[in-house]
Amino acid sequence: MTATRVLVLNSGSSSVKYQLLDMRDATRLAVGLVERIGEQTSRLEHTCLATGGTREQNGPIADHDAALKAVAEALARDGLGLDSPELAAIGHRVVHGGMFFTEPTVIDDAVLTEIERLIPVAPLHNPANLTGIRTAMALRPDLPQVAVFDTAFHTTMPESAARYAIDTKIADRYRVRRYGFHGTSHAYVSRATAELLGRAPEDVNVIVLHLGNGASASAVRGGRCVDTSMGLTPLEGLVMGTRSGDLDPAVIFHLQRVGGMSMDEVDTLLNKRSGLFGLCGDNDMREIRRRMEEGDDEARLAFEIYIHRLKKYVGAYYAVLGTVDAVAFTAGVGENAAFVREAALAGLEGLGLAVEGERNAVRGDGPRLISPEGARIAVAVVPTDEEMEIATQTYALVVKDA
């Protein structure tokens, strides 16, 4: 029997998201989430897609080892256990791969060491990713484990886009450069956008707008990223739910010298108390819209700042690419907030960018065009599928190495 199943694991600091997929026809067999790991109120929600049944388990789950064992038990109850001969590999989302990892990689001790060395530039994410990997390796030491890196898609950026204008020796010593994130999403969406247009990815230039609580933009030329909005960390770029995005670096010095804030306090401010939340006290776009409709000036200003930054990046990446075939909206806000899409492109008709009202208002599960018929540049809504991208890359690597 040929093994065709891939288990995708996304291990966060206190959670594990997972999906089991059969790559023969790219179908999902099971999906689930373990959250609040390490607390008394831990929760596992597991859905078997074959039966449509969902089970919930509540109670303390001490650590990631216990969490993954609980996942294995939940899968086994549906006949989908980790001991199945049909399981070909486990694919892991790893946030930061630096410049060392430019493609999906089979994990060994050297790979683990390098991911660990990158913790200083991804202190919130890489440690949790490592914990999930090590636990999964202990459960199935005989099975290929593959790391798929958020940063990998962006390693094709030219040095002119990836370098900061600081002393190169210092930058190289401390690995200071623009890495970018959400790479699996940008890779999937740019390719799916080309498919929607009936063209090969290498023939299409796409601006991808991944708009969720975390948000990023990318300029993709012929299937390769040439620029992206996030940098050394996910803080740079667009206005996000709780992150400031682009900021004059001297603001940090000012807050320390004049405001007496510590480095940790500034870090918390910019990552957790800024963005939409810092501007109006809400980071849920639905709530911001409700407040705007009620005449809330604070919410309206927050929205206008969000849109202003977004338009600047659309214009900048139009200039970077020179020729644009499509703009693709994705992720929670990008896929569901028609009013955000409309506002983001309003006034850009002279560039060939526009949305058609009725098309934009339609909600759907699949990729769809929302630009007017015959538009010079296509505008699309393309639901992202990072788990499918991780499974696809993992399976392709395992089959190639078999």
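The model on screen is a predicted one.

**Stop 1: helix 2**

Now select helix 2 itself, residues 109-117. Which of its residues are buried? Colour V111, L112, E114 and I115, the buried ones. Looking along the axis, these four span an arc of only 165°, which means that they sit on the same side of helix 2. In general, an α-helix has 3.6 residues a turn, so residues three or four places apart point the same way.

Turn the view to the face directed away from the buried side, and pick out D109 and A110, which are exposed there.

**Stop 2: the largest cavity**

The model has 3 cavities of 30 Å³ or more. For the largest cavity, with a volume of about 50 Å³, select L7, L9, L68, V71, L82, I90, A136 and L139, the residues that line it. Which elements supply at least two residues each to this lining? They are strand 1 (5-11), helix 1 (64-77) and helix 3. The lining holds 8 nonpolar residues, with no polar and no charged ones.

**Stop 3: the largest pocket**

Move on to L232, T233, L235, I252 and N271, which lie nearest the centre of the largest pocket, among the 34 residues of its lining. Helix 7 (250-257) and helix 8 (263-272) are the elements that give two or more residues to this lining. Helix 8 provides the largest share, 6 residues. The volume of the pocket is about 1,400 Å³. By class, its lining has 20 nonpolar, 9 polar and 5 charged residues.

**Stop 4: the second largest pocket**

Last, select N10, K17, R93, V95 and H125, the residues nearest the centre of the second largest pocket. Its volume is about 710 Å³, and 28 residues line it. Show strand 1, strand 2 (16-22), helix 3 and helix 15 (386-401), each of which supplies at least two residues of the lining. How does this lining divide by class, and how many residues are in each? It has 8 nonpolar, 13 polar and 7 charged residues.

Terms used. Residues are numbered from 1 along each chain as its sequence is written. This is a predicted model: local features need pLDDT of at least 70, side-chain atom pairs count only at pLDDT 80 or more; totals for chains, interfaces and linings use all residues. Side-chain values use heavy atoms; hydrogens and water are left out. Buried means under 20% relative accessible area, exposed over 50%, partly exposed in between (1.4 Å probe, protein chains only). The arc is that of the directions from the helix axis to the C-beta atoms. On a 1 Å grid over the protein atoms alone, a cavity is a set of points where a 1.4 Å probe fits but cannot get out, and a pocket is an open set with protein on both sides within 12 Å along at least five of seven lines; lining residues have an atom within 4 Å of a point. Grid points are joined across faces, edges and corners, and a volume is the space filled by probe spheres set on the points. Ala, Val, Leu, Ile, Met, Phe, Trp, Tyr, Cys and Pro count as nonpolar, Asp, Glu, Lys and Arg as charged, and the others, Gly among them, as polar.
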